[in-house]
Amino acid sequence: MKKETLLSTHNLKKTYITGTVKTEVLKGVDLEIHKGEFVVIMGHSGSGKSTLMHILGFLDIPTSGTYIFEDKDTKNFNEDQLAEIRNKKIGFVFQAFNLLPRTSVLENVRLPMIYAGVKEDEQIKRAKELIDGVGLSHRINNLSNELSGGEQQRVAVARSLVNNPLLILADEPTGNLDSKSTHEMMILFDELHKKGHTIVVVTHEDNVAHHAQRIIHIKDGHISDN
């Protein structure tokens, strides 16, 4: 059975200009990711992997090339459409957790649903279910800055799922975690994948990459076979 494509890029390029200096970060990336896949994008620092993830997540736009998402050319999307996709169809997990400090676990997880206009009782119900799903029900009223790094990242994963996104994008999600928390985090991603989520993880760590169905290597702004 043919796999359904969620997103694809063709000759995707990104150049940053600072004064008179041009820096080519992506130099013609061709990529295809199917619904339900667990993909890792690997590369050394400066390879372009995080820039690629930011474009896939509509946090940045390419300089040239084509990005197709759900069979639609993204260059035709306006700012309101891009914001809606980011909120409702993409779940983000970042290395730095990006939780609101001095704010409870429950309130952090509810946040994307507030922006999406979900009713308050539904916000609380879904947030509690997801917090339980990542094993943190006993921490639901704790402030985010009272949690360990591993616990904070679990909160970030729960938050990424509240709007039932089509795609989970994780940028170095284990970069600030110890080896035990890294293992627990990747087991959590394995479980999410088994439930049908499409997951793309950006990393440079081999022990993270081996959890994926497919590994894509990026080197000097190009997709590489090695």
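User: How many bridges pair β3 with strand β9, and in which sense do the two run?

Analyst: A strand is read through its partners. This is a predicted model, so each value here is computed from predicted atoms. Strand β3 pairs with strand β9 (residues 214–219) in the parallel sense, over 4 bridges. One place to look is Val40, whose bridge partner in β9 is Ile215.

User: Which way does β3 run relative to strand β8?

Analyst: Parallel again: 5 bridges join β3 to strand β8 (residues 198–203).

User: Are the residues of β3 buried or exposed?

Analyst: Buried means under 20% relative accessible area. In strand β3 (residues 38–42), 5 of the 5 residues are buried, so the strand is largely enclosed by the rest of the structure. Check each face in turn. Phe38, Val40 and Met42 are buried on one side. Val39 and Ile41 are buried on the other. Both faces of β3 are therefore covered.

User: Over how many bridges do β1 and β4 pair?

Analyst: Strand β1 (residues 5–18) and strand β4 (residues 64–69) pair over 5 bridges, in the antiparallel sense. Start from Leu7: its bridge partner in β4 is Phe69.

User: Phe69 has a ring. How many aromatic pairs does the whole structure hold?

Analyst: A search of the whole structure finds 5 aromatic pairs. Read each one by the distance between ring centres and the angle between ring planes. For Phe58 and Phe69, the centres are 5.4 Å apart and the planes stand at 90°, so the pair is edge-to-face.

User: Where do Phe58 and Phe69 lie?

Analyst: Phe58 lies in the loop between α1 (49–56) and β4, while Phe69 is in strand β4. The pair therefore ties together parts that are 11 residues apart in sequence. Phe58 is buried, at 6% relative accessible area. Phe69 is buried too, at 1%.

User: What kind of pair do Phe92 and Phe94 make?

Analyst: Their planes lie at 10° and their ring centres are 5.7 Å apart, so this pair is stacked. Both Phe92 and Phe94 are buried.

User: Which residues do ring pairs link into a cluster?

Analyst: Phe58, Tyr67, Phe69 and Phe77.

User: What does Pro62 touch?

Analyst: Leave out residues up to four places away in sequence. Pro62 then touches Leu12, Lys13, Lys14 and Ile55. Pro62 is in the loop between α1 and β4. At 25% relative accessibility, this proline counts as partly exposed. The C-alpha atoms of Pro62 and Leu52 are separated by 8.9 Å, and these residues are 10 apart along the chain.

User: Now a helix. How many residues does α5 have, and how many are buried?

Analyst: Compare a helix's reach with its expected span. Helix α5 (residues 149–161) has 13 residues and reaches 19 Å from first C-alpha to last, close to the 18 Å expected. Then check its cover: 12 of the 13 residues are buried. Among them are Gly150, Val155, Ala158 and Leu161.

User: What do the buried residues of α5 pack against?

Analyst: They pack against β6 (90–94), α3 (105–115), α4 (120–133), β7 (167–171) and α6 (179–194).

User: At what angle do α3 and α5 pack?

Analyst: Read a helix pair by angle, distance and contacts. α3 and α5 pack at about 35°, with their axes 7 Å apart. The crossing is right-handed. Val105, Asn108, Val109 and Pro112 in α3 meet Val155, Ala158 and Arg159 in α5. An α-helix has 3.6 residues a turn, so residues three or four places apart point the same way.

User: Last, backbone angles. What is the phi of Asn98?

Analyst: Look for positive phi in residues that are not glycine. Asn98 has a phi near 55°. Asn98 sits in the loop between β6 and α3 and is partly exposed, at 44% relative accessibility. Glu172 also has a positive phi, about 45°. Its place is the loop between β7 and α6. At 8% relative accessibility, Glu172 counts as buried.

Conventions: Residues numbered from 1 in each chain as written. Predicted model: local features only at pLDDT ≥ 70, side-chain atom pairs only at ≥ 80, totals over all residues. Heavy atoms only, no water. Expected span 1.5 Å × (residues − 1). Buried < 20%, exposed > 50% of the residue type's maximum accessible area, 1.4 Å probe, protein only. Contact = heavy atoms within 4.5 Å. Pairing = 2+ DSSP bridges. Phe/Tyr/Trp six-rings, centres within 6.5 Å; stacked < 30°, edge-to-face > 60°. Axes fitted to C-alpha atoms, helices over the stretch in contact; angles between N-to-C directions. Left-handed = near helix turned anticlockwise from the far one by under 90°.
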